[in-house]
Amino acid sequence: MFRKSLNNLLVVLLSLLMVSCTSTTTFKDERIKADITDYLNYYSEVDEVSNLIIKSQKSSDGAVLVETSFDFKNQDASFSAEMTLTYEKTEGEWLPANHAFKLVSTNEISAPEDSVVAEFIKKNPTEYFESQIISVFLPEYLTLISKTETSTTNITYVYQYSIEKLNWTFNETYTVDVVYSYPDGWRLTMKDWSYVETSDWNGTWQVKLYKADGTL
C-alpha cells in the first residue's frame with residue numbers, strides 16, 4: 001500500500017514537472033493592447049483600440065508569439081486588423097521585437113472638409129497664375145460645384161473659380177481627386193484644370209491717348 005501511494009506521488013510530481021517545463025510566458029491583455037497601440041501610433045495617431053481578441057500565445061525558439069485581432073480608429077477612419085507580436089527577452093525584460101501587421105478592412109471613413117480641398121487648390125496655382133507677373137488668387141470666388149464618391153476611399157471634387165468685372169469674365173474649373181489609404185491618409189491630386197476667359201467689346205468705345213506717340 002505504501003509502495004503504491006509512493007508511485008502515485010511520483011507520477012503526480014513528474015506530471016507537475018513536465019507541465020512546468022512546457023509552460024510558456026503569457027502576457028495580460030492590457031500589456032498586449034498597449035504594445036499594439038504604441039506600434040500603431042508610430043504610423044498614425046490612434047484614437048481607440050477595441051474588440052481585442054488574443055487568439056493564441058505560444059513559445060518558439062526562446063520567443064513568445066502572440067496572435068491577435070482587433071479594431072482601431074484614427075481621425076480619418078475605423079479599421080479591423082490582425083497582428084502577431086513576437087516578444088523576446090532583452091536584459092531580463094520581455095519586449096516586442098516584431099509586429100506582423102495585417103489590415104483586414106477599412107470600415108467607416110470621414111471625408112475631408114471641403115475647406116481642405118479649397119486650401120489645396122489655393123496652394124497649388126495653375127499655369128495661368130504662375131505665368132502672371134503678379135499672381136492673385138481670391139478664395140471668395142472659389143465655389144464647390146460637385147462632390148462625387150466613386151468608392152468609400154475615393155472622392156472627386158469639382159470647384160469653379162469665377163470672376164466678372166465690367167466686360168471681362170474669367171471662369172476656371174478644377175477637378176481634384178481625393179484618395180484614402182492607410183496609414184498615409186487622404187492624398188489630394190489635381191486631376192484636371194481648364195479655364196475660359198472672355199471679353200465683350202460690343203458697343204462704342206473711346207480710346208484716349210495721353211501721349212502723342214499713341215502710348216497711354
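Helices (DSSP runs of H or I, at least four residues) and strands (runs of E, at least two) are numbered here from the N terminus. The model is predicted, so local features need pLDDT of at least 70 and side-chain atom pairs count only at pLDDT 80 or more, while totals for chains, interfaces and linings use all residues. Residues are numbered from 1 along each chain as its sequence is written, and side-chain values use heavy atoms, with hydrogens and water left out.

**The whole chain**

Begin with everything shown: of the 216 residues in the protein, 26% are buried, where buried means under 20% relative accessible area, exposed over 50%, and partly exposed in between (1.4 Å probe, protein chains only).

**The core**

Next, select Leu40, Phe70, Phe72, Tyr87 and Ile121, which touch the most other members of the largest nonpolar core, a group of 35 residues. Such a core is a set of buried Ala, Val, Leu, Ile, Met, Phe, Trp, Tyr and Cys residues joined through side-chain atoms within 4.5 Å. Two or more residues each come from helix H2 (29–43), strand S1 (46–60), strand S2 (63–74), strand S3 (77–90), helix H3 (114–123), strand S6 (154–165) and strand S7 (168–181), and the largest share, six residues, is from S3. In soluble globular proteins, nonpolar side chains tend to be buried together.

Keep Leu40 selected and show its surroundings: not counting residues up to four places away in sequence, Leu40 touches Val46, Val49, Phe70, Phe72, Phe101 and Tyr182, a contact being heavy atoms within 4.5 Å.

**Asp35 in helix H2**

Now move to Asp35, whose place is in helix H2. Asp35 counts as buried because its relative accessibility is 10%. Its side chain makes a polar contact with the side chain of Arg31 (2.7 Å); such a contact is a pair of N or O atoms within 3.5 Å, and within protein one must be able to donate a hydrogen and the other to accept it, while residues adjacent in sequence count only if both atoms are side-chain atoms. Leaving aside neighbours within four places in sequence, Asp35 is also in contact with Leu85, Tyr87, Pro96 and His99.

Finally, select strands S1 and S2, which run antiparallel and are joined by eleven bridges; two strands pair if DSSP finds at least two bridges between them. Along this pair, Gln57 stands opposite Val66 in S2. The hairpin has two residues between the strands, and Asp61 there takes a positive phi near 55°.
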